[in-house]
Amino acid sequence: AHALGFVLTRRHDAAALCGLAYGFNPFRAAHGAHLELIAAFGMPLALAALHLAATAPATRRTRWMIAFAAALAIQGLCGSYYLAFFAVLLFLWVLWFVRRREAWLLPAMAGAGLSVVVVLLPLAIGFSRIHQFYGMSRDIGTVRAFSADMSALLAAPHYSALWGWLSGSSGAEKQLFPGLVAPGLVLVGLIVAMRRRRPAHDRWDHVALGLAVLAVAYTIVAICAKAIGPWRVQFGPLTIGADVVFKPLSVAVAAATLAIAVS
């Protein structure tokens, strides 16, 4: 993560913060016993290689795509779960960064992915054979039982010194609280960037601002539901409240995502 931060910012102080945030957030502690989930270093290294490939001269592109494929393979060997999750992020990366002049990245990424499949195929075949022999399977009920919802963003492991009181009865898969330091730094960075931005008249700015305000409002509603339980306030014919955390938090995340997308 430090490497990725340095590729993006060319500053080691900012990159060090990225590394600390990635390595020592509260949700990391929830999986201290799962070594394969702690070993998540392949994903930021793969992203760093992609950024370097996208900006490198044509003579150096191949080496960075090889580094990308190697990082993916190492990540797959450490924890295959992350390859499935990371594929979603890679898709979003392509939408955000790849333009016509970087279109060569698409077949290169596909080739890298195919090489990773070849590397991992012997293990996948072995897993499949063992699963069939012992009749191992996961039904949809098990998947739902171990799946997190948006309220997991406000749940931390019980042995976290600062945030253990947020644990509730949720299991490790549902303890995704990122702490306050990293989101706080992101918020400060957004405020500074907005203050330094050159004034420009764009009708989408008003839409983005409205969505951002909506995201903050629903986040506050979710935090109140987490802190004090179900609540409801009546303002004449208007009722404001929340019975569960994940519903307002889902709206907040959706609004924040749309605000970023239209900005």
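This is a predicted model: local features need pLDDT of at least 70, side-chain atom pairs count only at pLDDT 80 or more; totals for chains, interfaces and linings use all residues.
## Leu 120 and what it touches

Two residues are in contact here when they have heavy atoms within 4.5 Å of each other. Setting aside neighbours within four places in sequence, Leu 120 is in contact with Ala 73, Gly 76, Leu 77 and Leu 83. Leu 120 itself belongs to helix α8.

Is Leu 120 buried or exposed? The relative accessible area of Leu 120 is 15%, and the cut-off for buried is under 20%, so Leu 120 counts as buried.

Now for helix α7, which covers residues 80–97. How far apart should the ends of its 18 residues be? At 1.5 Å a residue, the helix should span 26 Å, and the end C-alpha atoms are 25 Å apart, so the two values agree. There is still a bend to spot along the way: α7 has a kink of about 30°, centred on Phe 86.

Phe 86 is also one of the buried residues of α7, along with Tyr 82, Leu 90, Trp 93 and Val 94. What covers them? The cover includes α3 (26–29), α4 (35–38), α5 (42–55), α6 (61–78) and α8 (105–134).

In soluble globular proteins, nonpolar side chains tend to be buried together. In this model, the largest nonpolar core has 29 residues, and Leu 50, Phe 68, Leu 90, Trp 93 and Met 109 have the most contacts inside it. At least two residues of this core come from each of α1 (2–9), α5, α6, α7 and α8. Which helix gives the most? That would be α5, with 8 residues.

Met 109 is a handy place to start exploring. Not counting residues up to four places away in sequence, Met 109 touches Leu 50, Met 65, Phe 68, Leu 90, Trp 93 and Val 94. There is also a second, separate core of 8 residues, and among them are Ala 222, Trp 231, Val 245 and Leu 249.

## Rings that pair up

How many aromatic pairs does the structure hold? There are 5. One of them joins Trp 93 and Phe 97, with 5.2 Å centre to centre and 35° between the planes, which makes the pair tilted. Both residues sit in helix α7, 4 residues apart, or about one turn of the helix.

Why is the pair of Phe 133 and Tyr 134 called edge-to-face? The ring centres are 4.9 Å apart and the planes meet at 85°, and planes over 60 degrees apart get that label, so the pair is edge-to-face. Phe 133 is exposed, with a relative accessible area of 66%, and Tyr 134 is exposed as well, at 59%. Elsewhere, ring pairs link Trp 163, Trp 165 and Phe 177 into a cluster.

## Arginines over rings

Finally, a couple of arginines to look up. Arg 28 lies over the face of Tyr 22, at 4.7 Å from the ring centre. Arg 138 lies over the face of Phe 146, at 5.5 Å from the ring centre.

Methods
Residues are numbered from 1 along each chain as its sequence is written. Side-chain values use heavy atoms; hydrogens and water are left out. The expected span of a helix is 1.5 Å times one less than its number of residues. The bend at a residue is the angle between axes fitted to the seven residues ending there and the seven starting there. Buried means under 20% relative accessible area, exposed over 50%, partly exposed in between (1.4 Å probe, protein chains only). Rings of Phe, Tyr and Trp (its six-membered ring) pair if their centres lie within 6.5 Å; planes under 30 degrees apart count as stacked, over 60 as edge-to-face and the rest as tilted. A charge sits over a ring if NZ of Lys or CZ of Arg is within 6 Å of the ring centre and within 35 degrees of the ring normal. A nonpolar core is a set of buried Ala, Val, Leu, Ile, Met, Phe, Trp, Tyr and Cys residues joined through side-chain atoms within 4.5 Å.
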